[in-house]
Amino acid sequence: MTVTVGDLYDWVDRTAPFSTAMDFDNAGLLVGDRTTPVTDALVALDITHEVVAEAKKAGVQVILSHHPVIFQPLKRLSSKDVPYQLASCGIAAICAHTNLDFASQGVNTCLARALELQEITVLKEYRDDLSQGWIGKVSTAMSPKEFARYVKEKLHCDGLKFTVGNREIQTVAVGSGASAGLLFDAAQRGADAFVTGDTKHHVLRGAREMGITLVDAGHFRTEDIAMTPWMQAMQEAFPAIQFHRSAQGDPACYLA
């Protein structure tokens, strides 16, 4: 039986409904047609020039990504632009962004699982029982520095930054990617630590003032952790398709 881009889109829509995406978002089938047959697919956090090159080399018909390849309205499209390159190669793009963050087996859940959190509950409800993050417990209490090392190891970070809280870490809140603003919700829920990415100075200062250990593991590492489980779930649902995992890593570099 032939599997199409539309079949993949419908599966994503069932598991991470596009209707749940935040208002600012642009998730969905952003390039290509539903009727395109699929034998090979590539999964990536971002769709970049390098990812398109990977897709062409692997002979895929569709890329499934977390970050939208088209986010702001396009006013001009040149041959150097990634959406143009996709269209010219006949490669479709399905992008599941905030809807995948909210999904029960989505990005934030994968982040909590990677940190082996237990007794997980909703950090902050967005709407309709959708959680913007999770809060749970680690099995063994740790000092702030020990916890920062723990996060670095579990998320395979080349580097990270953190604030030193005023207590041992047992209750941990997580919010992937650009969820640093959830720090204040984490504080209200009694979190000892908060793991996220993309923190600005005032958020780091706020964490210090509240005595919370904030670990900024970076946007890439707090979200890319979900791409392999997502791909594995799709592989199980569509055994006839050969799924490929993008080899592109964190765009940030760190000095030792």
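**Notebook: sheet, helix packing and pockets**

I began with the sheet and found 5 strands forming an open sheet in the order E1-E4-E3-E2-E11, with mixed pairing. I noted that the edge strands are E1 (28-31) and E11 (242-245), each of which pairs on one side only. From one strand to the next, I read an average twist of 25 degrees. I record here that the model is a predicted one.

I next looked up the pairing of strand E2 (residues 40-44) with strand E3 (residues 62-65). These two strands run parallel and are joined by 4 bridges. Within this pairing, I found that Ala-41 has Val-62 of E3 as its bridge partner. I then turned to helix H2 (residues 49-58), which packs on the sheet and touches E2, E3 and E11. The direction of H2 makes about 160 degrees with that of E2.

I followed H2 to its packing with helix H3 (residues 82-89). The axes of H2 and H3 lie 10 Å apart, and the packing angle is about 10 degrees. Angles under 35 degrees count as roughly parallel, and H2 and H3 are therefore roughly parallel to each other. From H2, I listed His-49, Val-52 and Lys-56 in the contact; from H3, I listed Val-82, Gln-85, Leu-86 and Cys-89.

I then examined the largest pocket, which holds about 290 Å³ of space. I counted 16 residues in its lining, and those nearest its centre are Met-22, Asp-101, Ser-176, Ala-178 and Ser-179. Helix H4 (98-102) and helix H9 (219-224) each supply at least two residues of this lining. H4 gives the most, with 3 residues. By class, I recorded 5 nonpolar, 9 polar and 2 charged residues in the lining of the largest pocket.

My last entry concerns the second largest pocket, for which I noted about 180 Å³ of space. Its lining comprises 15 residues, and Trp-11, Gln-105, Gly-106, Trp-230 and Ala-233 lie nearest its centre. I found that helix H1 (5-15), helix H5 (107-114) and helix H10 (227-237) each supply at least two residues of the lining.

Notes. Residues numbered from 1 in each chain as written. Predicted model: local features only at pLDDT ≥ 70, side-chain atom pairs only at ≥ 80, totals over all residues. Heavy atoms only, no water. Pairing = 2+ DSSP bridges. Axes fitted to C-alpha atoms, helices over the stretch in contact; angles between N-to-C directions. Contact = heavy atoms within 4.5 Å. 1 Å grid on protein atoms, 1.4 Å probe; cavity = no way out; pocket = protein on both sides within 12 Å on 5 of 7 lines; lining within 4 Å. Points joined across faces, edges and corners; volume = space filled by probe spheres on them. Nonpolar A, V, L, I, M, F, W, Y, C, P; charged D, E, K, R; others polar. Parallel < 35°, antiparallel > 145°, perpendicular 65-115°, else oblique.
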